[in-house]
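Please keep the sequence and the model in view while reading.

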Amino acid sequence: MAPIPGSGLAKGLAVTLRTMTKKTVTAQYPDAQPELPPRTRGVIGLFEENCTVCMLCARECPDWCIYIDSHKETVPPAAPGGRERSRNVLDRFAIDFALCMYCGICIEVCPFDALFWSPEFEYAETDIHELTHERDKLREWMWTVPAPPALDPAAEEPKELSAARKTAEKLAAAQAEPAPQAEPAPQAEPAGRPDSAQPDSADPQEGES
């Protein structure tokens, strides 16, 4: 059956009329801020105290947008007679968000929890060079990272928390127990053997008889 001429136009007008009668859902940004989900990939924050300059994030980045510089320092021995050790000190940590594709690989491969997702997204610049955030700026983004969601009430307690709880309970039980009373010291025995232990001396009269 051939379509009726003008049916497509009628359907389009019907959709327009239905939409006009519904309440608008357009958010008037920036006057009305959007409600973003907690796992929004906005910008990456750096917690540099946890960074050990392992370079794993820079090596795994598919866009090569992470720049890290560091130097080595000698740490004196912790105890007398020990040997000196060397550690890496972070000099520069920068991310070029003009190249970043927000894949999150750097955050996933970081073994020391030094990188986190922040839902902040308002960092547009008129100059593309300003999109390279140095570690001071990344440090500021760190304070906008939301707290992790609460665990499921039916989930098992993390091993770290259970181990710490058991240790605290043992310490509390040890402090609550009364101190054992000292047993009285045994009295010193007189020098020499007791009379019962000394051998009977021979009767001199028996020898004479």
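V53 sits in the loop that connects β1 with α2. In this predicted model, the phi angle of V53 is near 55°, a positive value in a residue that is not glycine. Most residues other than glycine have a negative phi, and most peptide bonds are trans. V53 has a relative accessible area of 6%, which is under the 20% limit, and therefore counts as buried.

**Other backbone features in loops**

- D113 also has a positive phi, near 55°, and is a residue other than glycine. The loop that holds D113 runs between α3 and β4.
- The peptide bond leading from Y29 to P30 is cis, with omega near 10°. P30 belongs to the loop between α1 and β1.

**Overall organisation**

- The chain contains 6 helices and 5 strands. Along the sequence these elements follow the pattern α-β-α-β-β-α-β-β-α-α-α.
- Of the 209 residues in the chain, 18% are buried.
- Among contacts between residues at least 6 apart in sequence, 72% link residues at least 24 apart.

**Residue L36 in the loop between α1 and β1**

- L36 is located in the loop between α1, residues 7–20, and β1.
- Is L36 buried, partly exposed or exposed? Its relative accessibility is 38%, so L36 counts as partly exposed, the class between under 20% and over 50%.
- Although L36 and E120 are 84 residues apart along the chain, their C-alpha atoms are separated by 9.3 Å.
- Leaving out residues up to four places away in sequence, L36 touches P119 and F121.

**The pairing of β1 with β4**

- Strand β1 covers residues 43–46, and β4 covers residues 115–118. The two strands pair in the antiparallel sense over 4 bridges.
- Within this pairing, V43 is placed opposite S118 of β4.
- In a regular strand the side chains alternate between the two faces of the sheet.
- In β1 both faces are covered: V43 and G45 on one side are buried, as are I44 and L46 on the other.

**The open sheet of β2, β3 and β5**

- Three strands form an open sheet in the order β2-β3-β5, with antiparallel pairing. The edge strands are β2 and β5, each of which pairs on one side only.
- β2 and β3 run antiparallel and are joined by 10 bridges. In this pair, I66 stands opposite I95 in β3.
- β3 and β5 also run antiparallel, joined by 2 bridges. I95 is opposite H133 in β5, and D96 is opposite T132 in β5.

**The largest nonpolar core**

- The largest nonpolar core comprises 26 residues. Those with the most contacts inside this core are I44, I66, I68, F93, I95, F97 and L115.
- The elements that contribute two or more residues to the core are β1, α2 (56–60), β2 (66–75), β3 (85–96), α3 (105–109), β4 and α4 (135–142).
- Which residues does I44 contact, apart from its neighbours within four places in sequence? I44 is in contact with I95, F97, C106, I107, L115, F116, W117, L138 and W141.

**The largest pocket**

- The volume of the largest pocket is about 480 Å³.
- Its lining consists of 15 residues, and P38, R39, F116, W117 and V145 lie nearest the centre.
- α3 and β4 each provide at least two lining residues. The largest share of the lining, 3 residues, comes from β4.
- By class, the lining has 10 nonpolar, 1 polar and 4 charged residues.
- Both F116 and W117, which lie among the residues nearest the pocket centre, are also among the contacts of I44.

Methods. Residues numbered from 1 in each chain as written. Predicted model: local features only at pLDDT ≥ 70, side-chain atom pairs only at ≥ 80, totals over all residues. Heavy atoms only, no water. Buried < 20%, exposed > 50% of the residue type's maximum accessible area, 1.4 Å probe, protein only. Pairing = 2+ DSSP bridges. Contact = heavy atoms within 4.5 Å. Core = buried A, V, L, I, M, F, W, Y, C linked by side-chain atoms within 4.5 Å. 1 Å grid on protein atoms, 1.4 Å probe; cavity = no way out; pocket = protein on both sides within 12 Å on 5 of 7 lines; lining within 4 Å. Points joined across faces, edges and corners; volume = space filled by probe spheres on them. Nonpolar A, V, L, I, M, F, W, Y, C, P; charged D, E, K, R; others polar.
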